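Subject: Structure handover and findings

Hello,

Please find the structure below. My notes on it follow, in the order in which I would read them.

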Amino acid sequence: MSSCKGQKESGLPTVFEANKFPLNKTTNQVHRDDRDVVTNGLLDKNGDMWFTTLTEGVYKYDGSSFVNFTTQDGLCSNKVNAVIEDKDGVLWFATSKGLCRFNGETFTTIPLPQDDALKVSPITGLPSRTTQEVLSLIQDSKGGFWLGTLASGAYYFDGETFTSYLRFKGRIHPDDKVYNNVIQSIVEDDFGNIWLTSQTHGGITRYDGNGFTNYSLKDGLTDDMVFSSFNDRDGTLWFGTLDNGLMLYKDGGFKFYDETNGLNNNMVSCFYQDQSGKLWIGSFRESTVTWFDGEAFSVVPFDKDQKLVELRFIAGDKDGNVWFGGRYGLLYRYDGTELKDFTHLKRMN
């Protein structure tokens with residue numbers, strides 16, 4: 001395990017105002033390829049659902065109809081990986097062109113700093129890859145923002161200044177000898193610690209407010225390529241790996257689950273905990289959803305035709321319905337009785 005400090009990026013990044021979106025936006029039914037993915041779902045404070053995609057921008061659903069926002073409406077990129085709502089009700093989108101803030105009227109683009117492109121690791125002398133793409137995003141309990149990037153580790157953003165972290169961790173690409181640390185997910189635990197997961201052999205890293213502690217294969221992890229993370233109501237942390245199932249962290253130690261324990265697929269991409277406390281677990285592979293009731297895993301009984309495959313998110317709405325999104329623009333809603341397909345319906349308003 002090791003600790004490291006971050007690098008400050010001086011000055012406020014360029015921020016520019018986007019155009020206001022039109023009140024009536026229509027979409028047409030289309031068929032998408034495997035690059036079209038619904039990546040994230042969010043219930044906002046007004047009771048509306050927001051869905052982010054990799055090719056279609058963002059959708060808002062008010063319970064009766066969808067509105068689609070794209071770059072034509074001021075969104076800074078149609079490739080959107082995640083969305084959160086901050087303490088003031090402002091939406092923040094993680095996109096291929098940095099952060100995109102939406103106050104309900106206008107979109108504002110906040111690019112990631114690029115002036116550190118020539119910086120190298122003080123230990124190895126090797127550089128880090130740079131990127132504008134944000135993959136993961138949270139607002140912590142103190143009000144600051146943590147961003148996971150496609151290639152250059154993580155940033156902390158206090159609203160004015162970016163601080164770079166974990167840039168020189170993870171995999172060193174064998175061809176060009178450049179660090180490439182993909183931070184796919186970020187979660188805060190009940191004690192205010194920030195946990196960041198690497199998809200490029202960087203394992204799991206915990207920030208306690210003073211420094212970083214890294215957990216890797218040598219510390220007992222079953223996989224150092226970690227795709228997803230979740231903090232459940234009991235304060236248990238769950239981590240989903242690319243190939244080796246689940247890792248559970250509680251009371252200072254890890255436990256591990258895989259297909260031999262009843263998990264439906266060893267690739268775990270997303271989590272959701274419903275009102276009863278049941279944990280829903282999705283995979284971004286050809287596998288339907290798994291339930292965990294606190295003791296055992298089971299396959300959801302309502303998906304006998306296995307429609308819920310290659311999922312990127314599971315989320316609940318204000319009425320207790322559960323939404324699923326994934327590859328080929330997949331978007332389904334389960335109301336406890338019926339599994340309804342919204343994949344094309346979202347494009348037909």
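pLDDT is the predictor's confidence in each residue, on a scale from 0 to 100. You need that term because this is a predicted model. Across the protein the pLDDT averages 90, and 89% of the residues score at least 70. Residues 1-29 stay under 50. The model still has 85 contacts beyond four places in sequence for residues 1-29. Where pLDDT is low, the predicted coordinates should not be read in detail.

Overall make-up

The protein has 32 strands and zero helices. Of its 349 residues, 58% are buried. Among contacts with a separation of 6 or more, 49% are between residues 24 or more positions apart.

Salt bridges

How many salt bridges does a search of the whole structure find? The search gives eight. Three of them are described here, starting with Arg347 and Glu56, whose closest N and O atoms are 2.7 Å apart. This pair links distant parts of the chain, 291 residues apart. Arg347 sits in the segment after strand E32 (339-341), and Glu56 is in the loop between strand E4 (49-53) and strand E5 (58-61). Are these two residues buried or exposed? Arg347 has a relative accessibility of 1% and counts as buried. Glu56 is buried as well, at 4%, since buried means under 20% relative accessible area. Arg347 and Glu56 also belong to a network of salt bridges that includes Asp36.

Another salt bridge joins Asp176 and Arg129, at 3.2 Å from N to O. Asp176 lies in the loop between strand E15 (171-172) and strand E16 (179-180), while Arg129 lies in the loop between strand E10 (107-110) and strand E11 (134-139). The pair therefore ties together parts that are 47 residues apart in sequence. Asp176 is partly exposed at 38% relative accessibility, and Arg129 is partly exposed at 26%.

Asp243 and Arg285 also form a salt bridge, with an N to O distance of 2.9 Å. Here the residues are 42 apart in the chain. Asp243 is in the loop between strand E22 (237-241) and strand E23 (246-250), and Arg285 is in the loop between strand E26 (279-282) and strand E27 (290-292). Asp243 counts as partly exposed at 37%, and so does Arg285 at 33%.

Ser152

Ser152 is in the loop between strand E12 (145-149) and strand E13 (154-157). Its relative accessible area is 0%, so Ser152 counts as buried. Leaving aside residues up to four places away in sequence, Ser152 touches Ser128, Arg129, Thr130, Thr131, Tyr165, Arg167 and Asn181. One of these, Arg129, is the salt-bridge partner of Asp176.

The largest pocket

The largest pocket has a volume of about 1300 Å³.

Regards

Definitions and conventions
Residues numbered from 1 in each chain as written. Predicted model: local features only at pLDDT ≥ 70, side-chain atom pairs only at ≥ 80, totals over all residues. Heavy atoms only, no water. Salt bridge = Lys/Arg side-chain N within 4 Å of Asp/Glu carboxyl O. Helix = DSSP H or I, 4+ residues; strand = E, 2+ residues; numbered from the N terminus. Buried < 20%, exposed > 50% of the residue type's maximum accessible area, 1.4 Å probe, protein only. Contact = heavy atoms within 4.5 Å. 1 Å grid on protein atoms, 1.4 Å probe; cavity = no way out; pocket = protein on both sides within 12 Å on 5 of 7 lines; lining within 4 Å. Points joined across faces, edges and corners; volume = space filled by probe spheres on them.
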